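Trainee: I am new to this structure and would like a close look at a single part. Please take the side of one chain that touches the other, and set it in its surroundings.

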Amino acid sequence: MTEADAAPDLTPENRLTAAYLVVALVSLFVGVSLGLFQALEHAGIDLYPWLLPIIKSYYHGLSLHGVLNVLVFTTFFISGFLQFITARSLRIPLWNRGLAWATFWLMTGGLILAAVPLVGNAATVLFTFYPPMKAHWAFYVGLTLVVVATWLVTLTLVCTYRAWRARNPEVRTPLPAWMALVTFVMWTIASLGLAAEMLFMMIPWSLGMVAGTDALVARVLFWYTGHPIVYFWLLPAYISWYTLVPRQAGGKLFSDPLARVSFLLFLVLSTPVGFHHQFTDPGIGQGWKLLHAFFTFGVFFPSLLTFFSIVASLENGGRARGGRGWVAWFGKLPWGDPSLAAQVLSMILFAFGGIGGLINASFTMNLVIHNTAWIVGHFHLTVGTAVALTFMGITYWLVPFLTGHQLWSRRLGLAQAWLWFIGMAIMSHAQHRLGLMGMPRRTMIGAAPYVQPEWRSLLPFVAIGGTMLFVSAMLYFANMLLTAVASREAAVIEVPFAEALSGPEHAPVILDRWRPWLVLAVALIAIAYGPTIIRLVTTTPFTTPGFRVW
Amino acid sequence: MRRGTTIYLYELFWILPSIAIPVGMLVALVVFTFGAGVHLPGDHGRVEPTAVLATPPFDQPGTVQVGPGQYEVRMVSGIWSFAPNEIRVPAGSTVTFVAASRDVLHGLFIPRANVNVMLIPGQVAHVTTRFDRPGEYPFFCHEYCGIAHHTMWGKVIVEPASKADRHDGDSAS
């Protein structure tokens, strides 16, 4: 630090983050509530007639559930949290607070624009919105504005970093800010597919400026973004696990350089893997699918590095607190802290989600589980737990920090985390097995004429687990609301940034450079996607008309 | 990352297996794929999405015997049904599904026969499987295709080989 450690006033950054959190949590509230009805429906309890004035069908509710949970909650939470983390770890204000607020309002405006047709049953196309199903144009324009706003967040983070770098030319970038920047740079590269799909296909088509579209081209562009978007959700959880959880566990991060290696590999390998969502698509050559499978196994490597670093850091904390033995230290972690408990529990389920992901990436086995309930089970472990439960865990310290009020109830927080863990284990296990038995996903199973006898014994577990998740979520929202409005005790909290056992000074210099990694990322994308996209765009007649089928 | 330290050794002990595990799994995957002859749906050409029902072979959906023990199912999917939605073949048949969609995305999923393919407007889907055991093999649309998506299904009825020979005289059940 060249300047004195006089910390600047970051109150405006706190307000910005609080604004993002409010939108994120309201979206999650609606999204999770609708999940309850889906879970009950699978067990034959059809409560949709009760929702009729607002929710017109199972699929209307399912569209809201998907869009609000995985597109809106995640994006708003991440934008708020990573701008906060950047300003706090660099100890400087955001580059331009006016821009930062304009970005928030643009993102919120986009959300409202998309929400009008979504709530009005004019965009019951699920969160994947595959054409030729055709939603109202406002849905596509609104979501596009949300993506554009995320690019402005990238701009804010890059300029903030450069402002810091100008004053600190010789210092290694603090790990939290550096990781936040990698996350948004990765996302910006990854979002180009979705942006192209929206700008060149969906928006002109939904506005009637062009007559036709093409389903395969849209799917290729969608999944160009659709896989790395899961790393956009996951990396902020990793940032918490790497840079905050070790401190919360009473220890230190095991290795700062290893953390940097893993994030750079995510930057390079997150995107050229999308065909593993399209293994069963006709119209894409088998060789290209094989190449994407290779890269998908490649991106497993940084996840293994993360697994090692996090467990080693937790062990460091457990031992510092008097833990012994090969595994007994695990019990010595501060399990009474809901923030830590929620995040460690989410890691445990994530291990199973990661292993399931390898099965999805192996195209031989993908033929068994593609588009089955297995996939639903898989992403409820990954985005539904590793990401969502970790984000909840973060808010157990972040919301008290931002409001200045103590968490209303630690015990309620602990009950919430365990209930989510157990409920998700039950629901997701049932969904995995139902998928192996051939039950399709995204289907109103309670009303399907083809329910197989062997599914019937498992379907109630979807409802039981789903109900537990709903109760857990309501406990969470109650705790958050009461913390904000009813908690009287003042909170004295600092952001729990962890130190490292092996610090950034041990990292090779190449890890702090940007250009080689960006060039490598773009090169791999060009190899993996270039030939297929060029062939499709030059040979496809865009003649497919749109349909409203709901 | 600093050589010679304990942490460096720990890192190395973890990094090497972290490379070996995915590489090992990849090799197993590739060996199995070529060894067992697993095929993913590949590129089998286009069909004009607005003219599927006028384009051979989709103008005459149905099951056609193309050789001894070899059948081809020409299938058209549309909201919210498959044509044909009941397919009869004798046990031991090799069946190729040639399928297309005449409106939105659909999927053809026959869990008990390991058939799993997307039906994408504009694309011809082409998958081959074998039905060895007699019985019913239900198939489902496994891609959301609208308000009655959950009613879109059919079945392959695999008849004992001897019975299938007499099938022409049967008035069906």
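Mentor: What follows goes from the contact between the chains to each chain in turn, and then to the core and some backbone details.

The model is predicted. In the contact, chain A takes part with 59 residues and chain B with 52 residues. On the side of chain A that touches chain B, the elements giving two or more residues are α8 (215-226), α11, α12 (286-320), α14 (363-369) and β2 (500-502) of chain A. The most comes from α12(A), with 9 residues. By type, the residues on this side of chain A are 37 nonpolar, 17 polar and 5 charged.

Chain A has 18 helices and 2 strands. Its radius of gyration is 23 Å, close to the 24 Å that the globule rule gives for 550 residues, so chain A is as compact as a globular protein of that length. Along the principal axes, the C-alpha atoms of chain A fill a box of roughly 65 × 50 × 45 Å. Buried residues account for 59% of the 550 residues of chain A. Of the contacts in chain A between residues at least 6 apart in sequence, 86% join residues at least 24 apart.

The partner comes next. Chain B contains 2 helices and 10 strands, and from the N terminus on its elements run α-β-β-β-β-β-β-β-β-β-β-α. The radius of gyration of chain B is 22 Å, whereas a compact globule of 173 residues would have one near 16 Å. The C-alpha atoms of chain B fill a box of roughly 80 × 40 × 30 Å along the principal axes. Chain B is divided into domain 1 (1-38) and domain 2 (49-167), and the centres of these two domains of chain B, taken over C-alpha atoms, are 41 Å apart. In chain B, 35% of the 173 residues are buried.

The largest nonpolar core has 225 residues, and those touching the most other members include A:Phe77, A:Ala24, B:Leu108 and B:Leu119. Helix α15 (residues 373-403) of chain A supplies the largest share of this core, 20 residues. Leaving out residues up to four places away in sequence, A:Phe77 touches A:Tyr20, A:Leu21, A:Ala24 and A:Phe391.

Some backbone details remain. The loop between α4 and α5 of chain A holds A:Phe129, whose phi is near 35°, a positive value in a residue other than glycine. A:Phe129 is buried, with 22 other C-beta atoms within 10 Å. A:Pro132 is found in the loop between α4 (97-119) and α5 (137-167) of chain A, and the peptide bond from A:Pro131 to A:Pro132 is cis, with omega near 10°. In chain B, the peptide bond from B:Pro56 to B:Pro57 is cis, with omega near 0°, and B:Pro57 lies in the loop between α1 (6-36) and β1 (62-67).

Methods
Residues are numbered from 1 along each chain as its sequence is written. Chains are lettered from A and ligands numbered from 1 in the order in which they are written. This is a predicted model: local features need pLDDT of at least 70, side-chain atom pairs count only at pLDDT 80 or more; totals for chains, interfaces and linings use all residues. A nonpolar core is a set of buried Ala, Val, Leu, Ile, Met, Phe, Trp, Tyr and Cys residues joined through C-beta atoms within 7 Å. A residue is buried if 20 or more other C-beta atoms lie within 10 Å of its own, exposed if 12 or fewer, and partly exposed in between; C-beta atoms are placed from the backbone. Helices (H or I, at least four residues) and strands (E, at least two) are DSSP runs, numbered from the N terminus. Two residues are in contact if their C-beta atoms, placed from the backbone, lie within 7 Å. Ala, Val, Leu, Ile, Met, Phe, Trp, Tyr, Cys and Pro count as nonpolar, Asp, Glu, Lys and Arg as charged, and the others, Gly among them, as polar. Domain bounds come from an automatic or database domain assignment. The radius of gyration is taken over C-alpha atoms; the globule rule is 2.2 Å times the number of residues to the power 0.38.
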